[in-house]
Amino acid sequence: MTPLTSVIVDQITRFGPMPVSEYMTLCLLHPEHGYYTNRQALGAKGDFTTAPEISQMFGELLGLSLAQAWLDQGSPSPFVLAEIGPGNGTLMTDILRATKSVSNFHTSMTLTLVEASPAMQARQKTTLDKYDVEWADDLTALPDHPLFLIANEFFDCLPIKQFRRTDEGWQEQMVGCEGSSLNFVLGKATDPNAFQQALERPIGSMIEISSASAAISGAIAQHIGAFGGAAIIVDYGDWISDGDSLQALKSHSKIDPLTLCGQADLTAHVCFQDLSQAASHFAQVSAMASQGELLERLGITARAQALASSMQGETLENHILAHNRLTHPEQMGTLFKAISITPNNANLPAGFNL
Ligand code: SAH
């Protein structure tokens, strides 16, 4: 039993089963034992690898797409360049390197990172030590300037609630315990019509709701709608939420999400329809593209060839594998999706369509 499992078991014993959303928040961000609070999460030595940790091309291409959107909007100055959930800081480093030669981009920007874990903040401070970085607790703390924002594999770690359709209606799936081991239990039934979008789902099906994700997507769009800018959101998931997607990863393998609390990454599929709907009240949201399509449109093949021309042997082989991993339909190419958010009537960032 991990130290966090005993904290959770104690809480459930005293107060009863907890929603999956509360369980996720404790596992990821408990101040002492949370996964992002106390571990080297990302990279080959961690539990999972993100696209920027696989290849520099990911951040370079997305960074240039954001910079093009900034040029299209008349190179506003000052503006905020932001990342939410910046991990090791690798993605932002690649964005900054690629945009170095975009005239006035760096001199006009304030660089802001939104990161919940102090340990991850410390890592970002080291990676980005050449830059003047500010950390914000959330998007409401940003100044009233145009916002150019990136979020990769951020929304998948925001808490979800799960509801299962039963004969009685929709019952929330909760985390309970038997002795010292955690299990899933179903809570009180809600009205069978509680979820408009799920009226047709058969008995036994599950839907997942992330109010935090919708709130943050809405807040990004509200800022961009009011002050200008562009956001690119990339994550694993699909247009609609379908089925139980709660997943735990430990040393790059899937494990039972109720074991190793605080020592495994815990995520859920992102529902892009919910992100889009929340954002479209305030700004223009692009059609969803797969990561593979998006990177192809941004010219990953040409960039890969240019980089390959100075590589040999194992480095070259790894580079080819990395390109494949980012774009191939059986790897991250289809599983990961992207949308952009821009002010109504502004040009979409390069790589996106309406
Ligand atoms: N974008 C990075 C890292 C993704 S990992 C990359 O592509 O490599 C997820 C990141 O989000 C971590 O830095 C984690 O600490 C942070 N995070 C998780 N929950 C958060 C929250 N509620 N608010 C802000 N940051 C959060």
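Let me start at helix H1, where the buried residues are Leu 4, Thr 5, Ile 8, Val 9 and Ile 12. Seen down the axis of H1, these residues fall within an arc of 135 degrees, so they line one face of the helix. Before going on, please keep in mind that this is a predicted model.

An α-helix has 3.6 residues a turn, so residues three or four places apart point the same way.

Back to H1, which covers residues 3-15. H1 has 13 residues and reaches 19 Å from its first C-alpha to its last, close to the 18 Å expected at 1.5 Å a residue. Its buried residues pack against strand S1 (18-19), helix H2 (20-29), strand S7 (169-178) and strand S8 (181-190). On the other side of H1, Thr 13 and Arg 14 are exposed. Just after the helix comes Gly 16, with a positive phi of about 95 degrees.

Next, helix H13, residues 313-327. At 1.5 Å a residue, its 15 residues should span 21 Å, and the end C-alpha atoms are 22 Å apart, which agrees. Which residues of H13 are buried? They are His 319, Ala 322, His 323, Leu 326 and Thr 327. These cover an arc of only 110 degrees around the axis, which puts them on the same side of H13. The face turned away from that buried side carries the exposed residues Glu 314, Glu 317, Ile 320 and Leu 321. As for what covers the buried residues of H13, the list includes helix H4 (51-54), H5, helix H11 (291-297), helix H12 (300-308) and helix H14 (332-335).

Leaving out residues up to four places away in sequence, Leu 326 touches Ala 51, Ile 54, Ser 55, Phe 58, Gln 291, Gly 292, Leu 295, Ile 300, Met 332 and Gly 333.

Leu 326 also brings us to the cores. The largest nonpolar core has 43 residues, and those that touch the most other members are Phe 58, Leu 62, Leu 81, Met 92, Ile 150 and Leu 326. Helix H5, residues 56-72, gives the largest share of this core, with eight residues. Apart from it lies another core, of 28 residues, among them Ile 12, Met 18, Cys 27 and Tyr 35.

Now the ligand. Of the 17 residues around the ligand, Thr 50, Gly 85, Gly 87, Glu 115 and Asn 152 come nearest. A polar side-chain atom of Thr 50 lies 2.6 Å from an oxygen atom of the ligand. Asn 152 also uses its side chain, with an N or O atom 2.7 Å from a ligand oxygen. With Gly 87 it is a backbone N or O atom, 2.9 Å from an oxygen atom of the ligand.

Behind some of these names stands Gln 124, in helix H8 (residues 118-127). Is Gln 124 buried or exposed? Its relative accessible area is 0%, so it counts as buried. Gln 124 has two polar contacts to mention. One, of 3.0 Å, joins its side chain to that of Glu 115, and the other, also listed at 3.0 Å, goes to the side chain of Trp 135. Among the residues it touches are Pro 86, Gly 87 and Asn 88.

Last, Glu 208, which sits in strand S9 (residues 206-209). At a relative accessible area of 6%, Glu 208 is buried too, because buried means under 20%. What does the side chain of Glu 208 make a polar contact with? One partner is the side chain of Gln 162, at 2.9 Å, and another is the side chain of Ser 245, at 2.6 Å. Phe 163 is 45 residues from Glu 208 along the chain, yet their C-alpha atoms are separated by 6.4 Å.

Conventions: Residues are numbered from 1 along each chain as its sequence is written. This is a predicted model: local features need pLDDT of at least 70, side-chain atom pairs count only at pLDDT 80 or more; totals for chains, interfaces and linings use all residues. Side-chain values use heavy atoms; hydrogens and water are left out. A nonpolar core is a set of buried Ala, Val, Leu, Ile, Met, Phe, Trp, Tyr and Cys residues joined through side-chain atoms within 4.5 Å. Buried means under 20% relative accessible area, exposed over 50%, partly exposed in between (1.4 Å probe, protein chains only). Helices (H or I, at least four residues) and strands (E, at least two) are DSSP runs, numbered from the N terminus. Contact means heavy atoms within 4.5 Å. The expected span of a helix is 1.5 Å times one less than its number of residues. The arc is that of the directions from the helix axis to the C-beta atoms. A polar contact is a pair of N or O atoms within 3.5 Å; within protein, one must be able to donate a hydrogen and the other to accept it, and residues adjacent in sequence count only if both atoms are side-chain atoms. A residue is near a molecule or strand if one of its heavy atoms lies within 4 Å of it.
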